[in-house]
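Try each task yourself, then follow the solution step by step.

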Amino acid sequence: MAAIRQDWLSKSLAGAVLGLGLAFAVAGVFAWAAPDGPNKYQLAMWLVAPLWLAVASVCFLFRSGMRAWLWLGGANVVAYAVLHLCRHFAR
Amino acid sequence: MRSDIVRLYKVVHTWTGIVTGLFLFVAFYAGAVTVFEQPLARWAEPPARTAPTAPEAAHELIIRTLATQPDARREFTLHLGGEDEIPARLTWQKSLDDRFPKGAALAPDGGVHVDRLHPTGLAQFVDDLHRTAGLPGDEHLGAALMGVVSAVYVVALVSGVIVLLPSLVKDLFALRLGANLKRLWLDAHNLVGLLSFPFHLVIAVTAVVFGLHEQIYDTLDVAVYEGRLREVMRADSPFTPIKRDQTPAAMLPPEDLVARIAALSPGFRPTTMHYRDPGTLGAAVRVWGTDDRYLMRGEGFVVMSPVTGDIVSTEYLPGHQGAYSVTVAALFALHFASFGGAPVKWGYLALGLAGAFLFYSGNLLWIESRRRTERRAGGPVTQSRSTRWMASLTVGVCLGSVAGVSVAIVASKWLSGWVADLDPWHRGLYYLVFLGSVAWAFRRGAARAGIDLLWLCAAATAAIPLTTVLAWAAPGLGLWAWRDTVGVDLTAVTMALGLAWMARVAARRAVAGPRDSVWSTQAVEAVG
């Protein structure tokens, strides 16, 4: 297996920025798609930090910074598309 | 686990740890103290000047206060505890940030006796220190910065566990008390870190949310809720069922309201009742309380109409919440130790202090791994500037914050009655001791300053029980001592003894340890 490149800056940025974007999108999908109930908005807010930091913690496992940006960027595109669909159908 | 992954994560762990360690030490030490902030605040609180009204007379007190005190008609708080535990039976503030509420008691002439209260604010000071790690300036900004620090801390935690995984079985319970002192510190760091990992992970993630929740809500509002989050929040507010209506209306006695809650939830012990728009048709009362059988957000509450006696919201009442509220309450509880009663609180105190040790030992390992050894260099060596600098900073910040907290606690009691507002004194004295300690550590070097400052910590902490002893022995001093806060004094005695022991060990290491260590006082002379 090929060695893991360090790519500190690009991997850290990918984890911090794209991880945060992904976390907001998933929390958004929860907010729109999960069954209604009191204080749902609070749990949606609580979801952001654990999701963000899970990504930021494991992002160094990507083989290179480039791969981190591609995979996490792709995940963001998919997640925001799903969020958009949820909004569209929840109305 | 592949070795290149471990190597990678060792670097992640080192840098995330060294950047956040000192902030986290202060936050954890102050946080451990906040677990028992109520007895601590009580320890410093002077005796009330007027006897609080008996609970049975609370209804009469409410009627007379509303009739004679216009500024209590917006909001007031009724305190349900025993007469020793409460500032007054009934209190109110001019605004939310009014730190000197007024308190009312029944007067013999048929009116009420009103006093301006001067709570010490000690609990709030320690809590602010916990949330901001003492970062000066705007408190919200300090808390938000600590939210970011906590985020980095989560990464430090996960990376630390990844580094430890391959050698987990071999290293976990190994505490090698051999000649290699660094190995011992590493073993201790790993053992404490791994055993309290779940605690740290929960504290870290929740701390990110507490520090950054405003920013997260604002972003969600734009990214998810299309600018309608405020509407969503308003719809979910437990007060929404009660419409404001200024028509005067008689209210039921507080014991009737409490009885209705007891019928609904017998395990719930009410502590305070917060009235909004009292004496009007649109009055609402939020009854705060605890139920140790559940995970609570600090305290839970019920919202009622004091006019009709109807319970309008149980969404924050332990045992009567929906799934989402229960989950959020659990996350609060796991951070604030608001479940399971006293045993959990003692556990959190121990875990908090162990956490402070984790950050201290982490910095120490960073220093030791950058240490130049005589063995390798073949003769007397001087440590690099970054190593000496970090050693001084670690000693000054960690011990300075410990000493500063103890000094602020002691000063709170000694200055009570002499100064009108204790808050600037708590903060001023804390920063004086803290910054003085950091300066001392840089001036004297980590080895000598460590010993001096440990003795300072021990002395300042010992002053807590000594103040109590003096209050008993010499009543002429005007001090006071509470029988029910003897736990505070005993804890302080234990801490002071522990700190004195550390001072002695550090002094021994300074003369008997390896000369090339930053903790040695000999090396300095050897090199000149």
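**Exercise 1. Chain A**

What percentage of the 91 residues in chain A do buried residues make up? Describe the chain's secondary structure and extent as well.

Solution. Keep in mind throughout that this is a predicted model.
- Step 1: buried residues make up 43% of the 91 residues in chain A.
- Step 2: the secondary structure comes to three helices and zero strands, and along the sequence the pattern reads α-α-α.
- Step 3: along its principal axes, the C-alpha trace of chain A spans about 50 × 20 × 20 Å.
- Step 4: take the contacts in chain A between residues at least 6 apart in sequence; 81% of them join residues at least 24 apart.

**Exercise 2. The overall build of chain B**

Find the helix and strand content of chain B, and check its radius of gyration against that of a compact globule.

Solution. 
- Step 1: chain B has 18 helices and eight strands.
- Step 2: a compact globule of 528 residues would have a radius of gyration near 24 Å, and the 26 Å of chain B agrees with that.
- Step 3: the C-alpha atoms fill a box of roughly 90 × 60 × 35 Å along the principal axes.
- Step 4: of the 528 residues of chain B, 42% count as buried.
- Step 5: among contacts in chain B with a separation of 6 or more, 68% come from residues 24 or more positions apart.
- Step 6: chain B is divided into domain 1 (1–46 + 122–238), domain 2 (47–119) and domain 3 (370–528). The C-alpha centres of domain 2 and domain 3 of chain B lie 41 Å apart.

**Exercise 3. Helix H8 of chain B**

Compare the end-to-end span of H8(B) with that of a straight helix, then locate its bend.

Solution. 
- Step 1: H8 of chain B covers residues 197–223, and a straight helix of 27 residues would span 39 Å at 1.5 Å a residue.
- Step 2: between its end C-alpha atoms, H8(B) spans only 33 Å.
- Step 3: look along the helix for a bend, and you will find one of about 75° at B:Leu212.
- Step 4: B:Leu212 is itself one of the buried residues of H8(B), which also include B:His200, B:Ile203, B:Gly211, B:Ile216 and B:Leu220.
- Step 5: the cover over these buried residues includes helices H1 (8–33) and H2 (40–58) of chain A. From chain B it includes H5 (139–164), H9 (229–236), H11 (323–336) and H12 (342–369).

**Exercise 4. Where the chains meet**

How many residues of chain B are in contact with chain A, and which helix gives the most?

Solution. 
- Step 1: 32 residues of chain B are in contact with 25 residues of chain A.
- Step 2: on the chain B side, H1 (3–34), H5, H8, H9 and H11 each supply at least two residues.
- Step 3: H8(B) gives the most, with nine residues.
- Step 4: sorted by type, the chain B side divides into 23 nonpolar, six polar and three charged residues.

**Exercise 5. Two buried residues**

Decide whether B:Val163 and B:Ala391 are buried or exposed, and list their contacts beyond four places in sequence.

Solution. 
- Step 1: B:Val163 is in helix H5 of chain B. It counts as buried because 21 C-beta neighbours lie inside 10 Å, where the cut-off is 20 or more.
- Step 2: B:Val163 touches B:Val6, B:Tyr9, B:Lys10 and B:His13. Its C-alpha atom is 8.3 Å from that of B:Ile5, 158 residues away along the chain.
- Step 3: B:Ala391 lies in helix H14 (residues 385–415) of chain B, and its 27 C-beta neighbours inside 10 Å make it buried.
- Step 4: B:Ala391 is in contact with B:Ile367, B:Ala446 and B:Val518.

**Exercise 6. Positive phi**

Where do B:Glu226 and B:Asp277 lie, and how exposed is each?

Solution. 
- Step 1: recall that most residues other than glycine have a negative phi.
- Step 2: B:Glu226 has a positive phi, near 55°. It lies in the loop between H8 and H9 of chain B, and with 9 C-beta neighbours inside 10 Å it counts as exposed.
- Step 3: B:Asp277 also has a positive phi, near 50°. It sits in the loop between strands E5 (269–276) and E6 (284–290) of chain B, and with 19 other C-beta atoms within 10 Å it is partly exposed.

Note on methods: Residues numbered from 1 in each chain as written. Chains lettered and ligands numbered in written order. Predicted model: local features only at pLDDT ≥ 70, side-chain atom pairs only at ≥ 80, totals over all residues. Helix = DSSP H or I, 4+ residues; strand = E, 2+ residues; numbered from the N terminus. Expected span 1.5 Å × (residues − 1). Bend = angle between axes of the 7 residues up to and from the residue. Buried ≥ 20, exposed ≤ 12 C-beta atoms within 10 Å, placed from the backbone. Contact = placed C-beta atoms within 7 Å. Rg over C-alpha atoms; globule rule 2.2 N^0.38 Å. Domains from an automatic or database assignment. Nonpolar A, V, L, I, M, F, W, Y, C, P; charged D, E, K, R; others polar.
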